[in-house]
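Hello,

Here is the structure I promised to pass on to you. Have a look at it first, and then read my notes below.

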Amino acid sequence: MQDTPVSPLLQHKWHRQPSVFSPEALLREARRQKGLAQAEVPATCLLDPDGDIVRRLRDKGECRMSKTWPCYHSELDVFTLQGRDIGIVGRAVGAPYAVLVAEQLFSMGCKLLISLTSAGQITTVGAAPYFVLIDRALRDEGTSHHYLPPAEFADADPLLIARSREALDKAGLQVHVGASWTTDAPFRETARAIDAAKSRSILAVEMEAAALYALAQARGEAVLCLAHVTNAMGQHGEDFEKGVEDGTADALRLLSAIVQGLA
């Protein structure tokens, strides 16, 4: 009987060895080519995969584009929340891109990275839209396996979760705490895969959290992931509704409470 091939995804990773290619090297060359001065990003930064928050901030003139952010693949805006400058990168969709941007943010002085992404409902805990504070994420993507040895889940920092939950409770904001399923293939969410996720008490499906938590654990960085559950994967009409101003009003209230609580 022929042996089943082992996926390259699980081979030759050597997680304890440093990478030959580093974000610092990429940023150094980007600065050289673009003629940019070296500068740090704000201590707290936000990934906005849908781009709704950064679009609202730009439309209202409430943010400014960084002129020293050297990343080849994204733009960094800066806005004020609770009296603090917050860096925000829009449309960093999917695990590889989110981690590519996150590595560069951390190399430029970010101390806390928050990701707030829209997500599909897996286990029903209420009528959408609502928010989930992700305490662990099923690693059904590729990026996390380059940072951590094989395991079912990537876990958040329990202290960050506890402090964020306390801050949200204090602000009177209802948020569910639980697991998400991170996938690279949103159009391969089959009925059996969804049932399997439900059997693990997973609340939502999204595309970034497992990789970001793996990066955080491997590099000793602070990352917090939230899901804005907005849809049932298009299984009925009038799905994907986020609320007032595409959900940005609620999202900014949530982020404001967390930023204040973690300060």
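A nonpolar core is a set of buried Ala, Val, Leu, Ile, Met, Phe, Trp, Tyr and Cys residues joined through side-chain atoms within 4.5 Å; buried means under 20% relative accessible area, found with a 1.4 Å probe and protein chains only. Please keep in mind that this is a predicted model, where local features need pLDDT of at least 70, side-chain atom pairs count only at pLDDT 80 or more, and totals for chains, interfaces and linings use all residues. Residues are numbered from 1 along each chain as its sequence is written, and side-chain values use heavy atoms, leaving out hydrogens and water.

Now the cores. The largest one has 70 residues, and Leu105, Leu113 and Leu224 have the most contacts inside it. Apart from it lies another core of nine residues, including Ala179 and Val205. In soluble globular proteins, nonpolar side chains tend to be buried together.

Leu224 touches Leu113, Tyr213 and Ile258, among others; a contact here means heavy atoms within 4.5 Å.

On to the helices and strands, which are DSSP runs numbered from the N terminus (helices: H or I, at least four residues; strands: E, at least two). The chain has seven helices and ten strands. In helix α2 (residues 52-59), the buried residues are Asp52, Ile53, Val54, Arg56 and Leu57. They pack against several elements, among them β1 (44-48) and α7 (248-262). Just after α2, Gly61 has a positive phi of about 65°.

Finally, buried residues make up 50% of the 263 residues in the chain.

Enjoy exploring!

Notes. Lists of a residue's contacts leave out its neighbours within four places in sequence.
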